[in-house]
Amino acid sequence: MKRRTPVSEIMSKDIIALRRSDTLERAEMLFKRHNIRHIPVVCEESIIGMLSYTDLLRISFADATDDENTIDTIVYNMFTIEQVMTKNLVSVSSNTTIKEVAEILAKNEFHALPVVDDSILVGIVTTTDLINYLLKQY
């Protein structure tokens, strides 16, 4: 296993992002369509927050039904993306080592980190990316 491998080797570069003006219904649709658990919230190319599927579940019954006309719509309309997202983010740069990323994820019990270079969101790295990298080493 290489000790100095940068996170850019394993991060997701095709970023699915939300804007603060998007709805929580759109967020739920993106989570389900792309089978993901974390979505950065951006203003132009800069990250301003992170929304996790768990954040959404805290305020809804998102997994309870697939029916489009559920109580979720009412609950979602009571909140904005900005009210639900995590705002005080820890981020890493694309040249941060995978080992350093693993230490941050383990210490803080995060499951995803935005990867930011020069104030621009360039990727996202998750615990799944890290596990897949470790599996390739064996």
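Mentor: Helices (H or I, at least four residues) and strands (E, at least two) are DSSP runs, numbered from the N terminus. This is a predicted model, where local features need pLDDT of at least 70, side-chain atom pairs count only at pLDDT 80 or more, and totals for chains, interfaces and linings use all residues. Residues are numbered from 1 along each chain as its sequence is written, and side-chain values use heavy atoms, with hydrogens and water left out.

Trainee: Thanks! Where does E109 lie?

Mentor: You will find E109 in the loop that runs between α5 (98–108) and β4 (112–117).

Trainee: And how do you know whether E109 is buried or exposed?

Mentor: Buried means under 20% relative accessible area, exposed over 50%, and partly exposed in between (1.4 Å probe, protein chains only). E109 has a relative accessible area of 65%, so E109 is exposed.

Trainee: What is there to notice about the phi of E109?

Mentor: That phi is positive, about 60 degrees, although E109 is not a glycine. S119 is not a glycine either, and its phi is positive at about 70 degrees.

Trainee: Where should I look for S119?

Mentor: Look at the loop between β4 and β5.

Trainee: Why is S119 called exposed?

Mentor: Its relative accessible area is 54%, so S119 counts as exposed.

Trainee: What about T126: why is this residue called buried?

Mentor: T126 belongs to strand β5, which covers residues 120–126. Its relative accessibility is 17%, so T126 counts as buried.

Trainee: Which residues does T126 touch?

Mentor: Leaving aside residues up to four places away in sequence, T126 touches L105, H111 and A112. Touching here is a contact, with heavy atoms within 4.5 Å.

Trainee: Let's turn to the sheet. In what order do the 3 strands stand, and what is their pairing?

Mentor: The order in this open sheet is β1-β2-β3, with mixed pairing. Two strands pair if DSSP finds at least two bridges between them.

Trainee: What makes β1 and β3 stand at the edges?

Mentor: Both β1 (18–19) and β3 (46–52) have a single partner strand, so each is left with one side that has no neighbour in the sheet.

Trainee: How many bridges join β1 to β2, and how do these strands run?

Mentor: There are 2 bridges between β1 and strand β2 (residues 38–43), and the two strands run parallel.

Trainee: Which residue of β2 does L18 stand opposite?

Mentor: L18 has V41 of β2 opposite.
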